[in-house]
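Hello,

Here is the structure I promised to pass on to you. Have a look at it first, and my notes follow below.

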Amino acid sequence: MILSRLLQNMGTGILVVDEIQHLSLARSGGSAQVLNFFTTLINTAQIPVLLVGTPKSLKVLTSEFRQARRSLSGHGGFLWDRLKKDENWALFLSGLWQYQWTRHVEGLTQELSDVMYEETQGIPDIAVKLFAMTQVRAMVTGKERITADLIRKVAKEQLKLIRPMLDALRDGRKTQMLDYGDIAVPDMSDFLQREQNKIHVQTFVQESRKRTESRQV
């Protein structure tokens with residue numbers, strides 16, 4: 001195999017094939033043909049080959065990978081799942097919780113941990129962004145405090161596009177998850193811009209009120 005020889009000549013340590021859900025199975029001859037290619041590559045290149053994709057790629061190749069699990073699964077798991085609600089989630093969230101920007105630093109309680117998991121289903125990327133957006137909203141409201149109700153409110157407003165996917169995870173509907181591509185939250189830059197505009201308006205109103213009061217005095 002030419003590719004295998006090229007990888008060996010280059011001294012490649014590992015080959016990472018990302019975004020395999022975009023692979024055109026029609027042009028490549030179908031999932032069986034694709035699996036044959038990767039199996040041959042792994043056997044001949046003699047280096048680790050890491051395939052990375054979304055649930056959509058799993059839906060296409062799952063039956064073929066089951067048949068070839070000995071050749072492909074012997075060196076590690078195929079599915080990298082979300083964090084389970086166990087000590088790993090507790091460790092991740094406790095580390096994240098140290099980065100609070102609000103004036104009032106809220107301790108991490110079991111209630112807050114439960115709400116964060118319920119709204120993010122253990123997906124680190126969503127948890128980080130929800131944590132950040134909640135703090136921004138806390139600043140805008142002037143309360144400067146993270147609460148369970150505020151987390152739920154921000155999640156309801158900002159995660160509505162991925163709510164069906166999170167519900168599928170929450171209810172354990174794995175077959176439905178295969179219908180979705182990557183799970184991505186809305187762009188945080190838009191959210192931050194809107195919240196920043198609110199702060200500017202509030203600041204303008206407060207300064208205008210102070211000027212009016214000073215004139216009256």
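Let me begin with Arg137, which sits in helix H8 (helices are DSSP runs of H or I with at least four residues, strands are runs of E with at least two, and both are numbered from the N terminus). Arg137 counts as buried because its relative accessibility is 8%; buried means under 20% relative accessible area, exposed over 50% and partly exposed in between, with a 1.4 Å probe and protein chains only. Its side chain is joined to that of Glu157 by a polar contact of 2.9 Å (a pair of N or O atoms within 3.5 Å, where within protein one must be able to donate a hydrogen and the other to accept it, and residues adjacent in sequence count only if both atoms are side-chain atoms). Neighbours within four places in sequence aside, Arg137 is in contact with Leu150, Val154, Glu157, Gln158, Phe191, Glu195 and Lys198, contact meaning heavy atoms within 4.5 Å.

A word on what you are looking at: this is a predicted model, in which local features need pLDDT of at least 70 and side-chain atom pairs count only at pLDDT 80 or more, while totals for chains, interfaces and linings use all residues. Residues are numbered from 1 along each chain as its sequence is written, and side-chain values use heavy atoms, with hydrogens and water left out.

Now the overall picture. The protein chain has 12 helices and two strands, and from the N terminus on its elements run α-β-α-α-β-α-α-α-α-α-α-α-α-α. Of its 217 residues, 35% count as buried.

H8 also matters for the inside of the model, as the largest nonpolar core has 29 residues and H8 gives the most to it, with eight. Such a core is a set of buried Ala, Val, Leu, Ile, Met, Phe, Trp, Tyr and Cys residues joined through side-chain atoms within 4.5 Å. Trp97, Met116, Leu130, Ile151 and Leu159 have the most contacts inside this core. Leu130, leaving aside neighbours within four places in sequence, touches Met116, Glu119, Thr120, Ile151, Val154, Ala155 and Leu159. Apart from this core lies another, of 10 residues, among them Leu7, Phe38, Leu41 and Ala45.

How do H7 and H9 pack? Helix H7 (residues 110–120) and helix H9 (residues 148–158) meet at an angle of about 10 degrees, with axes 9 Å apart. Axes here are lines fitted to C-alpha atoms, for helices over the stretch in contact, and angles run from 0 to 180 degrees between N-to-C directions. H7 and H9 are therefore roughly parallel to each other (under 35 degrees; over 145 is roughly antiparallel, 65 to 115 roughly perpendicular and the rest oblique). H7 brings Glu111, Leu112, Val115, Met116 and Glu119 to the contact, and H9 brings Ala148, Ile151, Arg152 and Ala155.

Finally, two backbone details. Most residues other than glycine have a negative phi. Gln46 has a positive phi, near 55 degrees, and so does Gln121, near 55 degrees. Gln46 is in the loop between helix H3 (31–45) and strand E2 (49–51) and is exposed, at a relative accessible area of 66%. Gln121, in the loop between H7 and H8, is buried at 4% relative accessibility.

Best wishes
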